[in-house]
Every structure is written in structure tokens, then in C-alpha cells.
2 protein chains.
Amino acid sequence: MKSYLKTLECPRCGKTYDPSKLVNTCECGTPLLVRYDLETLKKEAGPEIWKTRRRGLWRYKELLPVTDEKNIVSLGEGGTPVLPMKGMGKVYGLKNLYLKDEGLNPTGTFKARGASVGVSRAKELGAKALAMPTAGNAGAAWAAYSARAGLKMVVAMPEDAPVTTQAECVAYGASTYLVRGLISDAGRVVREASQRHGWFEVATLKEPYRIEGKKTMGLEIWEDFDGKMPAAIIYPTGGGVGLIGMWKAFSELKALGWLSGPLPKMVVVQAEGCAPIVRAYREGKNRAEFFQGACTIAAGIRVPSALGDFLVLDAVRSSGGTCVSVSDGEILDTWKEVARRDGMLICPEGAAAVRAAKIVADMGLIGPDDPVLVLNTGAGMKYVELLNEKARKLEEGELPE
Amino acid sequence: MKSYLKTLECPRCGKTYDPSKLVNTCECGTPLLVRYDLETLKKEAGPEIWKTRRRGLWRYKELLPVTDEKNIVSLGEGGTPVLPMKGMGKVYGLKNLYLKDEGLNPTGTFKARGASVGVSRAKELGAKALAMPTAGNAGAAWAAYSARAGLKMVVAMPEDAPVTTQAECVAYGASTYLVRGLISDAGRVVREASQRHGWFEVATLKEPYRIEGKKTMGLEIWEDFDGKMPAAIIYPTGGGVGLIGMWKAFSELKALGWLSGPLPKMVVVQAEGCAPIVRAYREGKNRAEFFQGACTIAAGIRVPSALGDFLVLDAVRSSGGTCVSVSDGEILDTWKEVARRDGMLICPEGAAAVRAAKIVADMGLIGPDDPVLVLNTGAGMKYVELLNEKARKLEEGELPE
């Protein structure tokens, strides 16, 4: 095991922190980013080091923060497939539409990546109890990995969070609380309780390592596409960690000289009922204001305020991407259409991203032959009750037709 | 693409069939097995051919029946992880207890393997409409792959099949019917309707290719354990196709000279409320009688009669394995304990298999240091409502503790 971990750095004020200590954000309140000794890595190895290792995100250990292999907490995360979407591609007039299916991760979502790396590193640095607010899926993932690591886990979520995710957290033995309101309200409760009890707070971007797990999506995409990156990556954006992570991966690969040529246009998708980053993008701002009255069936992107908003907006703008929003009606229709046409039961957030492919194609941001990659962040079977589809009961003696 | 497909053979009467034609069972009613030209493969290649290919079951294309790559219908199936179970291993006194997590397949179950190969081959041979009875998960998987292939799919299942699987089938656009009774009752309805409408019947072992998909679990285990096979493989058994398939994989690897040394003891687990194969095993029979009044929370193994029973019993006996049953109470307790101790939300069928590890250890069939592999056949999140676990509501101003 060799990690090239070097330091923690504030992307706003530049202050650095010792990575061998448990730390949350910078003194200035900004999320910290992990920096690696890329120059040494570049001298000591080439991109072929990863090719022959087993599937999964820990193959990228050089660019991950865990220093001792025995601290790795794994459930088989990462290594998700990139699948052609011929059905929807035909409907949208896109000849090379692809979907990376993050629903094939443990706990059924991409949250497993952040949880695997975040919990592993928290364990390595001696944390005993972790606490987080969640829209549902992050809580379930962190509860699973904490159980596996033998750490106490406290989760707070909106009382209308998806029932499956509630039950998952409890099943994994996490102390699970329902809060009236949104994830931001759960966040206040967790912050206060963590201070009182000395729990390590692992809310989105409140610790530096979750993003390193999410980053591996970017490393995989680079491998999936054999180094020739897609023209655009479309990402359903709540807290935005996945997008920040992928962009960070591309920067690191560039710095290593392992990736050349243009980077993908990064496209943010939010729901019309909760689109703080889309609004900030349209208004030319660098930070997003709190989105009042957030409401969408896509619970994972019902995030009215994101600590990493400025990093998301920066990645979108530097890449020549854009930010778009879709209605709940479009999400539901697309969700059903993807299942029928491409045989994939994705999640509502993923459906928003698929629908956005049509929007950016119509805008001319991508051409009909461009390879376009949509991120499906979770398995649809967790929310199948939202589809409200019923089988038909056969009467005695009746036959299927 | 090169498949070494040779012929279809009846394991009972020895009659062979042309594999280029759509065929169900042998004239004598027995399931047909696919045979490959292993002698030529052995001359032309070694086991290293698979090592560098991408993850997933299609890496084993030489031992799969599809002859033209363009007919492959894939959603990223296979390549599931083998994970140590340190928590339960400690409780059971087993130092090397492992779980292969088939819940990380598309549609959340190992049924995706059979569906991917079965649907691909049906498409290759010109089928237009497929029909099957199901306990739930096979129907969902075949519905997904059929949607992707553009084939009509008809599914019939017991009216009390898991609601998630019902909704999945409908979402994928399958004609989905609920039948009063068990999978055997659904089977009668499908058989009759298929004859009337000319649909290709793809019930368990009613066509030869599903087993080839399941076989890849065996090929993966051989790769996962670097050729040194576990002492025992514990398999939750409904129709038994997975066990038959793994055993077939080991035979083929042996014939190729790519696997040597003792094979794993194959252990069948069934629920006490539906244990036809366990009963036949105890009574020294080669065929299992219909199990009256089948009842268990583990819907996937609520199969009162299996066409491949004699193949299952033969594999168990030739391997020096055994057949055991567990109660629904044990299933439920083990299910919860695995989530808390090892951070895995497995399915009830998988929980039965974990529990069986303790039983065969107590019997002395495996020693405390022996590597033992449990098959978890699906993702627990599909049935999380059965766990009946509730989160706690926080009152206004209350904090987590």
C-alpha cells in the first residue's frame, strides 16, 4: 500500500493542515481538499499500475488518502459499468449516449464511494463516532460502512426521506433520527449534537475525504473511455461532491500527464423545485443562495444549500459546461421511458440527468455524434413505489395474453 | 468473439440437439445442458485469456453460448465481490468466512446472470416473445433484459410475490400477471398460454441457456480464490440453477485442466417451510417430491418442486456436501445480525445461507480455519419492509444522543 497523500489545503484561503489529524473544514469555513505528491508519483509510476488490479475503487490507492491497507473498509464499491443507452439515444437524436450505473454499488448508490473512503480514513485517524445529516442515501451508505468498521454512527434525515433509506440506516445499527424539515434542518441538529457529544461530523464537505471516494468516478471514467474523454458529463447535483470529485480527478490526471486533450463539459442538473446552483449560474454568481421551499420527488437532489457550491460553479464554467433544471413531471416520464427503452431502472436523480441530455443537445452544447455520459447515482428499486405501477391479477382459469 | 459451443445434451438419456435451433427440454422432459468443444479450447488457449478482460460475465465468452457479439444483451452483470465476514465469522467460530455479494448485479440479484445469457441467446436464435413464471426476482431480471433486447416478455408470479419485484416487471414493460398460489401455479398458467400464443417458455431449466449465465458464478469463484477453491460453498436453493451452474463450471474447468485439487463441498440451504430437496437428500432419493403447503419469508426459495432436483442432489453428493434447512425465525435474526456486524444488507435467502454456515460447522463438515463461501443471491433493500425497523422522530428542540 502506498498513498501519495501530502497535505490538506483550503481552496479559498490556501491554508494547509496536517492530514494525520482528524479535521473538519478550514478555519475560514471552506471545505478542505486533499493534495497528493503528484510529482513523485509521476516519477515513480505510470498509468499502467492500475490496469491489472482487481475492480473497485481501491485500485487507485496511490491517489487515495488511506495509508495502511488494514484500515480499508470495503463492501466491493466502484468499478461500475458504462452502458450504451441506444433506446433513449434514438429518441434524443444522440448516437453515443452512455450511462454510468452507480446503482450497482453497495447500498445501491454512489454514496458508497464516499462512505468507503471517508469511513476508512476516519477509522485510520482514530474517530470513534460519526454523525451526519442526509437526504437518505448517504446516511444508509455511511451506516453500512460504519457498522463494518465497528464505529458508532448517528444519522438525521428529513421525516419524509425515502422509507427504504430510513430502514437501511436502522438495520445497520445506526442511531437514526427523523427531523421535521429539510436536510438543512437535519444539519443544524447534527452540528449541535456533535459539538455536545464530541462526534466527528461527516456532513457533505465537512470533512475532506468523502470527496476522494467520489473522485474515483472520474478515474474510472478515464479508464472506461480509454483516456478519450466524453464530450460532456451530466451530473444530478445536490451537494455536488461527485462533480467536484470528478473534476479533481481530471486535474490530478492532467498534472500527472496521464490525461491530455480537452476535458468533458460538466453539466449540472437540478430539479426545478430545488435549483440553487442553476439559479446562481444563470445570475453569474459564484455562490448560491439558500433555495426557499425546496420540493422535488428526487430526494437526493433536494439540497437547498451546498457548502461546495463555488467549487461546482467553477468546474462547470472552466469546463464550458452549463447548469439546467428539469421538472418533476419530466423526471417521472423519463424514468419510466428509460426502463422500457433501455431496460434500466435508474433513480429519479438519474432520470433528471438523462432528461438533461436532451436539453443540452437542443441547446447545441453537444452534437448528435458526441459521446455523452450521464451519471445514474442510484438503483431505482429503492423508490419503485413512486412509479405506482401495478401488475394485473388473473382470474381463476384466465390466461396471460 | 469465439464461443466453443458444440451441442445440447440430455444428462438423463444422452440425446443431443442442434444448438442453432430454439429448443426447450429433451423429449424425455429433462433439462438440456450446453456442451462445449473443450478439447479444442484447451489446445488453443490457457486460463490467462480471461485475466486481462474487463469485469463482468462476458469475459468468459469462450464458455458461453452466444456466437455473435452483437447479440449480447448486457447491463453490467457479473464480477461481483467476495467479501470477508469477520463479524459473523467471529460469532460462528469460522476464521475464513466469505460472502459473494450477488446483490451488486443489475436488478439487484444473481438472476441477472441467467437473464443476460438467456435473453442474449434467445435473441440470437430469433425468439420474439418470452414467457416465465417467477417467484419475483427472475421475472424482474428477464423483464429488464428483454426490454433492452426489444423482446416481448410475459411474467406470471404469485400474488404475494415481493411488491418491489412486481413493480419492477411492470416498469420494464413486461406483461405482468399475478396468480393465486405458488410459482408452480404460475408455471401452469405460463405453459398453457405459451402453447396457445407461441411464446418461448423460459421457466427455470425449461431452456438450456439460463444455467450458462449462472455458471459464471463458478468461473468467478475460481478466479476470486486464485484457483484454490473454498472448502465449501453454501447456496440458498430454490430451483437450484445456480448450484447446478457452479458445479458445471467446475467440471468444465477440470476438463480443461485449468482447475485441480479437491472441489468445494456443495451445501444446499432451504427454508424449513419449503425444503423438498433437503427432504429428498435425507431420504436418500434422487428426485424430490412436491412440497405441500410451501411457506417462507424467503420468497426466492419458496419453490416446492424443481425440474433440476436430480442434478442438485447429484452435485451435493458427489462433492461430499449436504442439505440443511433453517427456520424463518433464524433467517430473520441472521439477516439483522449480518447488517449490524458486517455492514451488509443481504436478502433473506442469503441470510439462510449465512445461518447454514453455523450448522455445517457444528456438524463438523467444515473446520474453523476452512475457507467457506456463502452466496448472497440478492440485495436486501428490495425487502427492507420485512425487517420492520423504524427510525425515531425527534421532537422540536430535541437532539440525537
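Predicted model: local features only at pLDDT ≥ 70, side-chain atom pairs only at ≥ 80, totals over all residues.
H7(A) covers residues 210–224. At 1.5 Å a residue, its 15 residues should span 21 Å. The end C-alpha atoms of H7(A) are 22 Å apart, which agrees. Burial was examined next. In H7(A), 13 of the 15 residues are buried, so the helix is largely enclosed by the rest of the structure.

Strand S10 of chain A, residues 232–236, is also described by its burial. Five of its five residues are buried, so S10(A) is largely enclosed by the rest of the structure. A:Ala232, A:Ile234 and A:Pro236 point one way from the strand. A:Ile233 and A:Tyr235 point the other way. Residues on both sides are buried. S10(A) pairs with strand S11 of chain A, residues 265–271. The pairing is parallel and runs over five bridges. Within S11(A), A:Val268 is the bridge partner of A:Tyr235.

An unreviewed UniProt entry lists residues 73–378 of chain A as "domain: Tryptophan synthase beta chain-like PALP". That span is 45% helix and 17% strand. Its end C-alpha atoms lie 20 Å apart.

The contact between the chains takes 58 residues from chain B and 58 residues from chain A. On the side of chain B that touches chain A, several elements each supply at least two residues, among them helix H4 (137–149), strand S7 (152–158), helix H6 (183–197) and helix H11 (328–342). The largest share, seven residues, comes from H5(B). By class, this side of chain B has 31 nonpolar, 11 polar and 16 charged residues.

Strands also pair across the contact. Strand S8 of chain A, residues 175–179, and S14(B) pair in the parallel sense over two bridges. The bridge partner of A:Tyr177 in S14(B) is B:Arg392.

Two copies of a chain are related by a rotation about an axis and a shift along it. Here, a rotation of 180° with 0.0 Å of shift along its axis superposes chain B on chain A, with an RMSD of 0.0 Å. That is the relation of a two-fold axis. In chain B, the C-alpha nearest the axis belongs to B:Leu104, 2.6 Å from it. Of the interface residues of chain B, 100% are also interface residues in chain A, so the copies meet through the same surface.

Conventions. Residues numbered from 1 in each chain as written. Chains lettered and ligands numbered in written order. Helix = DSSP H or I, 4+ residues; strand = E, 2+ residues; numbered from the N terminus. Expected span 1.5 Å × (residues − 1). Buried ≥ 20, exposed ≤ 12 C-beta atoms within 10 Å, placed from the backbone. UniProt positions renumbered as here; feature names shortened; annotations may be inferred. Contact = placed C-beta atoms within 7 Å. Nonpolar A, V, L, I, M, F, W, Y, C, P; charged D, E, K, R; others polar. Pairing = 2+ DSSP bridges. Least-squares fit on C-alpha atoms with pLDDT ≥ 70 in both.
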